[in-house]
Amino acid sequence: MVQNILSAKTPEGQTHRGHLRALREDTITYIEHLARQGDLLRISFGLLGSAYFVNSPDLVQEILLKQARKFHKPFIVKYTAKEFFGENLFTSDDELWQVLRAAIQPAFHAQRLNAYASIMVDYTKAMISQWQPGQVIDIPQAMMDLTLGITTKALFGQDLRNDVAGQAIIRFIELFSQRLSGFPVPAWLPIPSNWEIKRQIAIIDRHLSPLIAERHQSFAEHDDVLSMLIQAQAADTTGLLTNQQIKNEVLNLFAAGYEVTAHTLAFTLYLISQHPDVEARLLEEIDRVVGQRAITIPDLEQMPYLEMVLKESMRLLPVTTLLSRQAVESVVLKGGYTLPKNSVVLFAPWTLHRCSEYFPNPLSFDPERFHPDCKDKIPKFAYLPFSAGPRICIGNAFAMMQMRINLATILQDYRLTVAPEYQFEPFYSFNTRPKNGLPMTVEVR
Ligand code: HEM
């Protein structure tokens with residue numbers, strides 16, 4: 001029974017100060033340090049109040065599922081979004097969230113997803129057709145270019161990569177992620193980062209407004225998310241699906257999707273390169289099932305090992321490392337501890353995925369953990385690359401399909417290796433990425 005609660009200590013042993021600095025300076029080391037101290041900790045941020053760190057599947061299940069209604073997205077996330085453009089599916093709660101989720105969900109149904117497969121194959125083939133044997137590629141950059149192309153083409157009918165709006169989206173997401181991992185800064189403050197965020201939003205807006213206006217005339221001819229949002233707007237009785245809201249959702253879907261998918265792909269390619277036994281088995285599966293032709297959706301069903309490798313990569317290096325909620329009322333957790341109203345709660349796929357109780361020998365990369373015969377041994381709330389409960393990632397099936405297609409198509413033709421002196425170091429800034437980039441050399445198979 002958790003009636004009492006431990007006070008978290010910083011790596012320097014402090015309980016009442018130093019947490020904010022530790023969290024901001026090296027988030028991963030800090031949360032790993034917290035996870036060693038207990039399943040439920042109170043973190044004192046001094047004058048800024050307290051937050052809670054939760055590191056048990058049962059307690060996370062309370063937050064994400066059993067008592068999900070009592071937890072909203074934290075104030076800082078909502079504030080930062082509202083200051084610049086308003087709410088979206090990622091930041092909203094209650095009625096607005098329900099309206100948006102219902103409007104967007106159909107775009108991610110299985111039959112729709114299948115229609116995106118050929119875009120995923122074609123774009124990956126186009127990327128690797130530019131690669132030369134021996135060339136060193138900055139993999140996160142290449143994957144971001146690929147995923148931005150696929151996301152914009154599949155979901156909105158246009159490849160925005162070489163467009164000024166595409167470049168503005170990339171820059172905006174970078175600035176916005178930095179903002180979310182820092183202090184709340186009012187948008188009216190005349191500081192360069194505020195000017196730049198507003199400038200990027202204005203560029204994106206100039207592109208999206210005519211696109212949305214044109215789609216109002218022609219949505220029946222298209223089969224993408226934008227058309228679906230416009231159809232949902234026509235049927236909306238709440239008045240919440242305004243044109244501004246649709247613009248926010250378009251931007252949100254770019255922002256939520258492309259960078260995390262790209263870094264997950266980059267981490268997976270890195271892990272494969274470090275485990276020749278896994279690589280050999282994966283290549284054997286790809287050669288046997290797909291050979292040299294273009295991969296299809298039915299092929300994916302025949303490739304369990306590819307899925308196991310990807311799932312294990314998302315366990316060991318989850319890009320969405322740290323998640324948060326804020327209690328909108330006081331909440332009694334399983335075990336009896338009461339979280340006061342407004343408490344910010346942090347929970348980390350990164351540390352849950354490294355609990356040896358659920359993942360023996362947690363630092364080893366072992367796709368067998370996700371063998372179809374073993375996967376029921378993992379408690380549902382111990383493995384959260386896409387979160388869980390009603391707010392599970394809306395793009396999870398899209399991302400899983402895309403990443404398997406990307407990986408299989410790349411590995412049909414190429415092996416990627418890193419230089420022996422390369423030091424892999426994960427770095428957290430809202431999401432996790434490789435601190436020093438990830439240069440990999442292309443070798444023809
Ligand atoms: C490997 C790729 C991806 C990972 C690891 C990932 C992970 C996540 C996680 C952990 C959440 C929950 C965040 C929270 O509750 O605070 C989330 C939510 C979300 N994701 Fe993803 N995501 C991925 C790809 C995508 C894609 C491709 C899209 C869309 C094109 C997308 C759109 C969203 C949206 C809109 C939400 C908010 C859902 C809601 O609150 O109802 N994600 N994602």
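**Salt bridges in a predicted model**

E368 has a relative accessibility of 30%, so this residue counts as partly exposed. The structure is a predicted model, and the values that follow are computed from it. The side chain of E368 forms a salt bridge with that of R281, with 2.6 Å from N to O. This pair joins distant parts of the chain, since the two residues stand 87 apart: E368 is in the loop between α15 (349–352) and α16 (396–413), while R281 belongs to helix α12 (residues 276–289).

Other salt bridges lie within a single helix. In helix α1 (residues 19–25), R21 and E25 are four residues apart, about one turn of the helix. Their side chains meet in a salt bridge at 3.6 Å, N to O. The two partners fall into separate classes of accessibility. R21, at 43%, counts as partly exposed. E25, at 56%, counts as exposed, because the exposed class begins over 50%.

Helix α14 (residues 304–316) holds another such pair, K311 and E307, which are again four residues apart, about one turn of the helix. Here the salt bridge between the side chains spans 2.9 Å from N to O. E307 has a relative accessibility of 27% and so counts as partly exposed.

Salt bridges can also join into a network. K78, K82, E87, D93 and R391 are linked in this way. Over the whole structure, a search finds 27 salt bridges.

Technical notes
Residues are numbered from 1 along each chain as its sequence is written. This is a predicted model: local features need pLDDT of at least 70, side-chain atom pairs count only at pLDDT 80 or more; totals for chains, interfaces and linings use all residues. Side-chain values use heavy atoms; hydrogens and water are left out. A salt bridge is a side-chain nitrogen of Lys or Arg within 4 Å of a carboxyl oxygen of Asp or Glu. Buried means under 20% relative accessible area, exposed over 50%, partly exposed in between (1.4 Å probe, protein chains only).
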